[in-house]
Structure formats: structure tokens, C-alpha cells
Amino acid sequence: MKILKKLAISALFMGSISFTFAVDYESLANGFVNGDLQSTISSGLNDFGDELGFSVPQAAVQQNVYADAFIGKLFPAVPPHFAVGINAGLTHLNTEGLKNAASALGISGVESSYYFPVFNADLRVGGVLLPFDVGLSFMTLDVSKLASMNADFTAEFFTLAADIRYAILEGGVISPSLSVGVGYSYNKGTFGASENYAEVMVDYDVHTLYGQIQLSKGINIPVANIGFTPFVGLRGVISNYSNDWSWKFKGAGVEKITNAANELGKMISTSGSGTASSDGFGGFQPQLYGGVGFNFALLQFTASVCADLRHLGGDTNLWSGVLSLRLKL
């Protein structure tokens, strides 16, 4: 119940709220002079950049999940098999690193844990002669106005993904459908927090490759003309990311922090940057996913969840939940 409450709160369309408070530039200058704050900011943004290298791929690959392990051939088939739909989901994100970096600059209101909303459209078409299908999905979204944080929060996403699945078992009256597949997604976007005098920002760029195996079984109730399709799958994900981060004082903050440092007889930098990156494709993520599709004539409503088996428990718990609505032939 607590998780459901968190999800409901995170999905609300809330404007970001900015609180004004007196900034202690003398204390900030002291922290920068002795090097403590630069270290805290760099460490926090590096940690958050690495976190995005795991969370973003899961959010992307879970958006194009169909209940049916195999939707059928496009040709020869009457009618041809294809599906098109929309997805809405939430992915848990550990924002502790972003919070630490923001707090070091005096930016308040960033939570240590966040469920970021994801919305996209997808298309899947059956194969020609051979038992395979191909899926495409696309998303571009600015969710800063959906953020349940008290800071001026920035969150923008772009995703383009494709996958192909081959049916080992096409499924029948008794037998289930079983498919194996591979996919790729490209993701980029921005996460950040700011006040009128300072900001922290992470621009992420992630390439993801994955392989999966999925089992499903359609169960129809002819009298009611409805059916449902439970499914379960196992996915292995690797990613290659280069996530650039930066921080800076801005506006009147630049002059005020500089003057405070000058009073201490020191000069400090009012900005900094770096990159959190992977060494090529790596960071293997085993993921378990499953759910159920509900079929009403040509419509299929699907609810699915996914858990990263390497990141379980506490604030590092990485999982996604998605609801999908599709027109399916």
C-alpha cells in the first residue's frame, strides 16, 4: 500500500515549487576554499550519472513489452498481425547523488528517491513467412512539471528503440508461446535541480543492448468474448553511457560567492564539470519481468512489472511498472 501511495504521488501533475531562503555565502565560500564542497558535488554527480546508466535502460526496455510472446505473422495471415499502442509507466530512481550535490550548493528540495514517469508510443508487426515479429517504440517528454520535488527540477527524456523476436513455440490451444529476442535502445535527456543563484545538471546519453526470453499463454472465455494472457520473461541488459554533469553559480550568486571568497583572501571556481561513463558496453543487468494482458475484442490492456536482480533493496531498489493500451490484430 505504501508503494502504491508513492506511485500515486509521483504521477500527479504537480508544478515544481521553489522556496526562497537566505543563502549563507560565507559558509559556502569556506566549504569551497577547503575543497570539501567541490568533492561532495563531484562525487554526488558522478554517482548520479552512474545511476542513470542503470535506471534509464530499464525504463526504456520495459516500455515495449507485449503480453503475447509472439503476436503472429504479418504474411501469410488473414488478417495480418500487427499492434499499435501507448505506454505509461514509472521507474524508481535513486537520486541520492543529485541530492547531495544540490545540497552542497545550498539547493534544497531534492528528494533522495524518485519515481519518474515515462510515456511512449509503440508499434509491432508480425514477420513474413518466418515466425518472428519486430517492435519499435518512441518517446520524447519533458516531465519537469510532473516532479513531486520541492526544487526547481528538470527532467527531459528522449528514447528510440527497436527489437526483434523469434518464436520457438508459436502457441496453440494447449501449448504456450515462447520467444527469444534481441533489442537496442538509444536514450538521451537531462536531469537537474536549480535555484535562482545556482544549478546542478546531468545530461545523459545511453546506448542499450539486450536479449530476452519470454513465455506466455493466451486464455480465452468465448461466452464473454474476453480473454487474458499471463506472461513472464527474463532479460539481460548491457549499456554504454557517457553522462556529462555540471554545476555552477549563476546570476547574482556568482558575484556573492566570489566576494565571500575574496574576504577570506582566496579565489574559487564558480563552476565545474565532469563525465560519468562506462568502459564500453558492460554493467550486465539481469531483469525479471512479467504481468498479464487483458483482451477485449481488438483491444489489449497490459499491466507489467520489471525488477533488476542486481539492484534490490533500499534506495538502490530498481524496478519499473507499466500500463499499456493497444489496438491488436
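Mentor: A helix is a DSSP run of H or I with at least four residues and a strand a run of E with at least two, both numbered from the N terminus. On that basis the protein chain has 5 helices and 12 strands. Just after H4, glycine 106 takes a positive phi of about 85 degrees, and glycine 35, which follows H2, has a positive phi near 90 degrees. The model is predicted, with pLDDT of at least 70 needed for local features and 80 or more for side-chain atom pairs, while totals for chains, interfaces and linings use all residues. Residues are numbered from 1 along each chain as its sequence is written, and side-chain values use heavy atoms, leaving out hydrogens and water.

Trainee: Where does tyrosine 66 sit, and what does it touch?

Mentor: Tyrosine 66 lies in the loop between H3 and strand E1 (82-94). A contact is a pair of heavy atoms within 4.5 Å. Not counting residues up to four places away in sequence, tyrosine 66 touches Ile71, Ala83, Val84, Asp122, Leu123, Arg124, Arg165, Gln214, Phe231 and Arg326. By contrast, asparagine 94 is 28 residues from tyrosine 66 in sequence, and their C-alpha atoms are 27 Å apart.

Trainee: How do you know on which side of H2 its buried residues lie?

Mentor: Start with the list: in H2 (residues 25-33), Tyr25, Leu28, Ala29, Gly31 and Phe32 are buried. These residues cover an arc of only 160 degrees around the axis, which puts them on the same side of H2. The arc is taken from the directions that run from the helix axis to the C-beta atoms. Among the elements covering the buried residues are helix H3 (36-61), helix H4 (96-104), strand E8 (226-249) and helix H5 (252-263).

Trainee: And what makes the buried residues of H4 a one-sided set?

Mentor: The buried residues of H4 are Gly97, Leu98, Ala101, Ala102 and Ala104. Their arc around the axis is only 160 degrees, so they sit on the same side of H4. The cover here includes H2, H3, E4 and E6.

Trainee: What makes a group of residues a nonpolar core?

Mentor: The members must be buried Ala, Val, Leu, Ile, Met, Phe, Trp, Tyr or Cys residues, joined through side-chain atoms within 4.5 Å. The largest nonpolar core has 44 residues, and those touching the most other members are Leu45, Leu105, Phe191, Val200, Trp247 and Phe249. H3 gives the most to this core, with 7 residues. Beyond its neighbours within four places in sequence, phenylalanine 249 contacts Leu28, Phe32, Leu105, Tyr197, Ala198, Val254, Ile257 and Thr270. A second, separate core of 5 residues includes Val65, Ala67, Phe231 and Cys306.

Trainee: Why is one space called a cavity and another a pocket?

Mentor: On a 1 Å grid over the protein atoms alone, a cavity is a set of points where a 1.4 Å probe fits but cannot get out, whereas a pocket is an open set with protein on both sides within 12 Å along at least five of seven lines. Lining residues have an atom within 4 Å of a point. The whole structure holds 3 cavities of 30 Å³ or more. The largest cavity has about 90 Å³ of space, and of its 13 lining residues Ala59, Ala60, Val118, Met139 and Thr159 are the closest to its centre. The second largest cavity, with about 70 Å³, has tyrosine 66 among its lining residues, and E6 gives the largest share of that lining, 3 residues.

Trainee: Which residues lie nearest the centre of the largest pocket, and how does its lining divide?

Mentor: Asp68, Asn220, Thr229, Asn295 and Lys328 lie nearest the centre, out of 31 lining residues. The largest pocket contains about 690 Å³ of space. Its lining divides into 12 nonpolar, 14 polar and 5 charged residues. Here Ala, Val, Leu, Ile, Met, Phe, Trp, Tyr, Cys and Pro count as nonpolar, Asp, Glu, Lys and Arg as charged, and the others, Gly among them, as polar.

Notes: Buried means under 20% relative accessible area, exposed over 50%, partly exposed in between (1.4 Å probe, protein chains only). Grid points are joined across faces, edges and corners, and a volume is the space filled by probe spheres set on the points.
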